[in-house]
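The following note sets out comments on the structure shown below, arranged as numbered points.

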Amino acid sequence: MFLVNVNRLVCGAFQSTRRLHVIRTVQEMRNIHKEIIKSSSLGFIPTMGALHSGHIMLMDRAKKENEYVAASIFVNPTQFSAGEDLDKYPRQFEADCARLQEAKVDFVFAPTREEMYKNNALCHVEPFAFKSIMEGKARPEFFRGVATIVCKLFNIVDPTKSYFGQKDISQCILIRKMVEDLNMKVSVVVCETMREPDGLALSSRNAYLSELERKQSCILYKALEAGKNACRRGELTDRNHIVKAVEDVLQTCSFVNRIEYISVASHTHMIEVDTVTLETGAVLSAAIRLGNVRLIDNLLIGNAEADILN
Ligand code: AMP
């Protein structure tokens with residue numbers, strides 16, 4: 001097996017092999033910083049594993065911009081709601097490590113649940129304003145879970161830059177705001193969503209789709225495109241007009257069991273807006289149930305694209 005345990009790692013050995021090193025504890029990660037990374041730049045990609053090409057695109061970007069790259073694989077229990085099955089989330093650690101090795105990632109931080117959450121924890125990060133946004137209403141406690149785990153990971157991994165996918169746009173906006181509000185040193189880089197040729201955004205959850213559902217699943221992207229196309233340069237577009245354009249397309253597909261939400265929000269705070277111009281920009285996002293599978297996706301309207309992606 002190509003993986004190397006960092007307990008046996010010395011600086012010279014790392015430099016000569018440059019293989020993927022699996023780190024299991026906070027202390028090991030701190031040792032790596034002290035002995036190997038030192039003042040070099042470190043790019044970091046937090047993930048829940050079940051890696052696909054969308055994740056690897058983030059690793060490739062980090063590789064180009066940093067001397068070292070670390071990913072984390074941790075299925076974070078605090079961001080799953082009661083109805084969501086945490087235990088069923090796809091786990092494939094060996095295969096993930098093979099992909100990371102291929103992508104020339106240097107470190108993977110893969111702690112146990114016990115390593116990350118002690119029983120006597122008193123503090124968490126509460127992004128209170130996010131409780132009232134669409135994704136926050138649909139999944140109570142989700143954003144507290146995300147903000148807290150990312151804050152903890154930033155403190156442990158201490159990266160120079162951290163990379164996130166536009167696919168989870170509210171998470172990107174939240175993390176940018178957390179970094180600003182709490183004066184964190186890390187730079188947040190947001191990369192465009194990677195899609196299948198038919199438009200479906202790559203996601204670990206796509207594995208749950210049946211063959212028939214998979215064929216229909218690009219409906220979400222098509223619907224969002226229709227909403228985005230409802231906005232024209234120099235015009236003020238009413239949110240209801242955009243929402244209706246999205247709904248009209250979704251309703252053509254009998255596989256769509258439920259529309260959880262369609263959101264037209266500001267790209268700075270994810271607060272719903274009544275009107276959109278291409279000059280101010282906005283985020284158009286939606287969550288649907290296709291069969292039993294929850295799909296989310298979003299498109300950036302107008303100048304939001306230039307403001308969000310870097
Ligand atoms: P996850 O493992 O689902 O928590 O995702 C880890 C990171 O990969 C997050 O920043 C996601 O936004 C990003 N990501 C997931 N899917 C995609 C995709 N299709 N394109 C780009 N980034 C993605």
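1. The side chain of Asn298 reaches the backbone oxygen of Lys167 at 3.3 Å. A polar atom of the Asn298 side chain also lies 2.8 Å from the backbone oxygen of Gln166. These values come from a predicted model.

2. Asn298 belongs to strand β12, which covers residues 293-301. Asn298 counts as buried because its relative accessibility is 1%, where the cut-off for buried is under 20%.

3. Leaving aside residues up to four places away in sequence, Asn298 touches Gln166, Lys167, Ile169, Arg195, Leu224, Val283, Leu284 and Ser285.

4. Turning to the ligand, 17 residues lie around it, of which Met48, Gly165, Asp168, Met194 and Leu202 come nearest. By class, the shell holds 7 nonpolar, 7 polar and 3 charged residues.

5. A polar backbone atom of Met48 is 2.9 Å from a ligand oxygen, and a polar backbone atom of Met194 is 2.8 Å from a ligand nitrogen. For Leu202, a backbone N or O atom lies 2.9 Å from a nitrogen atom of the ligand. On its own the ligand has 490 Å² of accessible area, and the protein covers 92% of this.

6. Which elements give two or more residues to the shell around the ligand? They are β3 (42-47), α3 (53-65) and β6 (161-165). The largest share, 4 residues, comes from α3.

Note on methods:
Residues numbered from 1 in each chain as written. Predicted model: local features only at pLDDT ≥ 70, side-chain atom pairs only at ≥ 80, totals over all residues. Heavy atoms only, no water. Near = heavy atom within 4 Å. Polar contact = N/O pair within 3.5 Å; in protein donor to acceptor, adjacent residues only side chain to side chain. Areas by Shrake-Rupley, 256 points an atom, 1.4 Å probe, with all protein chains shown as cover. Nonpolar A, V, L, I, M, F, W, Y, C, P; charged D, E, K, R; others polar. Buried < 20%, exposed > 50% of the residue type's maximum accessible area, 1.4 Å probe, protein only. Contact = heavy atoms within 4.5 Å.
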